[in-house]
Structure formats: C-alpha cells, structure tokens
Amino acid sequence: MTKGRLTIRIIAGGYLAYVGFGLARDVIAEKPENYLVYLLFGVLFMAVGGAWCFLALRRYIRRDYEELWEEPKDEGKEEKDIDRKGNE
C-alpha cells in the first residue's frame, strides 16, 4: 500500500468516526422515533471509522508502506556485475 492510500484511509476513517459520533450524540439528545437504529449505526460508524483510522495510522508510523517511486528492495541476493559481452 502506498503512502497516499494510507493518508486517504486516515482521513476517511477519521471522518467516518466523526460522523458516527455526531449521529450518536444527536440521537441521544433528541430521541427520535427509531433512536435505537440510529444509535446502532452511529456506534457502528464510530467503530469502523476508528479502526480504519487506527490501523492506517499504525502502518504510517511504522513506515509499513511503499513509496511510489521507490526501487524494489533486494532480498539479500547478490547481483553479479556483467559487462556488455556477458562476462562476469
């Protein structure tokens, strides 16, 4: 996953948690007709958004992402220098 995608996930997760918190707060204050359904969705939005934001932040802090223009990492393999004629 790239750094940009992690940034989008952090923003989207935070916004989803914010919307869920606002919905739950309004439901508790106003008590509409189907307040349990609204409260359930508010708590669900907070949980999913918070988890998404937390997991993306954790990967971002650990630098567990790929740079877009990064060279592939060598996995301990030695590359031999070969000239144009194919000699080592």
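This is a predicted model: local features need pLDDT of at least 70, side-chain atom pairs count only at pLDDT 80 or more; totals for chains, interfaces and linings use all residues.
Residues are numbered from 1 along each chain as its sequence is written, and side-chain values use heavy atoms, with hydrogens and water left out.

**Stop 1: helix α1**

Select residues 3–30, which form α1. Helices here are DSSP runs of H or I with at least four residues, numbered from the N terminus. The 28 residues of α1 should span 40 Å at 1.5 Å a residue, and the end C-alpha atoms are 41 Å apart, which agrees. The expected span is 1.5 Å times one less than the number of residues.

Now colour the buried residues of α1: Leu6, Ile10, Gly13, Ala17, Gly20, Gly22, Ala24 and Val27. Buried means under 20% relative accessible area, exposed means over 50%, and partly exposed lies in between, using a 1.4 Å probe and protein chains only. These buried residues pack against α2.

Next, show Tyr15 and Tyr18, which are 3 residues apart in α1 and so separated by about one helical turn. Tyr15 is exposed at 55% relative accessible area, and Tyr18 is exposed at 59%.

Further along, pick Arg25 and Asp26, whose side chains meet in a salt bridge of 3.9 Å, N to O. The term requires a side-chain nitrogen of Lys or Arg within 4 Å of a carboxyl oxygen of Asp or Glu. Both partners are partly exposed, Arg25 at 48% and Asp26 at 37%.

**Stop 2: between the helices**

Step on to Lys31, which follows α1 and has a positive phi near 50°. The charged end of Lys31 sits over the ring of Tyr35, 5.0 Å from its centre. To count, NZ of Lys or CZ of Arg must be within 6 Å of the ring centre and within 35 degrees of the ring normal.

**Stop 3: helix α2**

Select residues 35–61 for α2, which has 27 residues and reaches 38 Å from its first C-alpha to its last, close to the 39 Å expected. Its buried residues are Gly42, Gly49, Cys53 and Ala56, and what covers them includes α1.

**Stop 4: the core and its surroundings**

Which residues make up the largest nonpolar core? Select Leu6, Ile10, Cys53, Ala56 and Tyr65, the 5 residues of that core. α1 and α2 each supply at least two of its residues. Such a core is a set of buried Ala, Val, Leu, Ile, Met, Phe, Trp, Tyr and Cys residues joined through side-chain atoms within 4.5 Å.

Centre the view on Leu6. Leaving aside neighbours within four places in sequence, Leu6 is in contact (heavy atoms within 4.5 Å) with Met1, Ala56, Arg59, Tyr60, Asp64 and Tyr65.

Two of those contacts, Arg59 and Asp64, form a salt bridge with their closest N and O atoms 3.6 Å apart. Asp64 is partly exposed at 43%, and Arg59 is partly exposed at 29%. Finally, click Tyr65, which is buried at 13% relative accessible area, and then Tyr60, which is partly exposed at 31%.
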